[in-house]
Amino acid sequence: MQEHKTEDVADRLHSASIHLLRRAAEEDRGASLSRARLSALSVVVFRGPLTLGELAAAEAVRSATMSGIVNGLERDGLVHRRPHGTDRRAVQVEATAAGRRLLERARTRRIALVASKLGDLSQSELGVLRRAADLLEERFRLRPQA
């Protein structure tokens, strides 16, 4: 049995992930949003509603930068701001139905592209990739702190 070095496997996964994400991102042109706006919308849809500060932290940008991104998303009718439930000074950003639909269409296009690249794999090979995805999700999933 071949021995696998952790760093070698990590290097291959890193490279494959970058190529996979770049190819999948090519499908995002159909969403008619910049990558920054599409990424922020994705965070709002899957983790929202969030304050501007929480959204900026999730996207690793300054609050002022995120404010501009949210302004554009709001202008396009993809998110709206609502009063924060406990802090009257703050607002939360929430996806609209149109924002959720746009994100779902973009996600569907990316998944279809990836699926088309996997279409000729055997069930055994697909099983290996499924198990690899399970392991990666276990290791990298964000879990709420207790």
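1. Order of elements. Read along the sequence, this predicted model follows the pattern α-α-β-α-α-β-β-α-α. That makes six helices and three strands in the protein. The radius of gyration is 18 Å, well over the 15 Å that the globule rule gives for 146 residues, so the protein is more spread out than a compact globule.

2. Overall dimensions and surface. The C-alpha trace spans about 60 × 35 × 25 Å along its principal axes. Of the 146 residues, 21% count as buried. The accessible surface comes to about 10900 Å², and carbon and sulfur atoms hold 53% of that area. Among contacts with a separation of 6 or more, 50% are between residues 24 or more positions apart.

3. Charge. The protein carries 26 positive and 19 negative side chains. The centres of these two sets lie 6 Å apart.

4. Helix 2. This helix covers residues 35–47, which is 13 residues. From its first C-alpha to its last it reaches 18 Å, close to the 18 Å expected at 1.5 Å a residue. Its buried residues are Leu38, Ala40, Leu41, Val43 and Val44. In an α-helix there are 3.6 residues a turn, so residues three or four places apart point the same way. The buried residues of helix 2 pack against strand 1 (50–51), strand 2 (79–83) and strand 3. They also pack against helix 3 (52–59), helix 4 (63–75) and helix 5 (97–118).

5. Pro49 sits in the loop between helix 2 and strand 1. The peptide bond joining Gly48 and Pro49 is cis, with omega about -5°. Pro49 is also among the residues in contact with Gln92.

6. Thr51. This residue belongs to strand 1. Is Thr51 buried or exposed? Its relative accessibility is 14%, and because the limit for buried is under 20%, Thr51 counts as buried. Leaving out residues up to four places away in sequence, Thr51 touches His84, Val91 and Gln92.

7. Gln92. Strand 3 (residues 91–95) contains Gln92, which counts as buried at 12% relative accessibility. Which residues does Gln92 contact, leaving aside its neighbours within four places in sequence? They are Pro49, Leu50 and Thr51, together with His80, Arg81, Arg82, Pro83, His84 and Gly85. Thr51 and His84 therefore each touch Gln92, where contact means heavy atoms within 4.5 Å; His84 touches Thr51 as well.

8. Ala60 is placed in the loop between helix 3 and helix 4. Its phi is near 60°, a positive value in a residue other than glycine. With a relative accessible area of 69%, Ala60 is exposed. Ala64 is found in helix 4 and counts as exposed at 54% relative accessibility. Ala64 and Thr51 are 13 residues apart along the chain, and their C-alpha atoms are separated by 13 Å.

9. Glu26. Helix 1 (residues 6–26) includes Glu26. The relative accessible area of Glu26 is 40%, so this residue is partly exposed. Glu26 and Leu113 are 87 residues apart in sequence, while the distance in space is 9.5 Å, C-alpha to C-alpha.

Notes
Residues numbered from 1 in each chain as written. Predicted model: local features only at pLDDT ≥ 70, side-chain atom pairs only at ≥ 80, totals over all residues. Heavy atoms only, no water. Helix = DSSP H or I, 4+ residues; strand = E, 2+ residues; numbered from the N terminus. Buried < 20%, exposed > 50% of the residue type's maximum accessible area, 1.4 Å probe, protein only. Expected span 1.5 Å × (residues − 1). Rg over C-alpha atoms; globule rule 2.2 N^0.38 Å. Areas by Shrake-Rupley, 256 points an atom, 1.4 Å probe, with all protein chains shown as cover. Lys, Arg positive; Asp, Glu negative; His and termini not counted. Charge placed at Lys NZ, Arg CZ, Asp CG, Glu CD.
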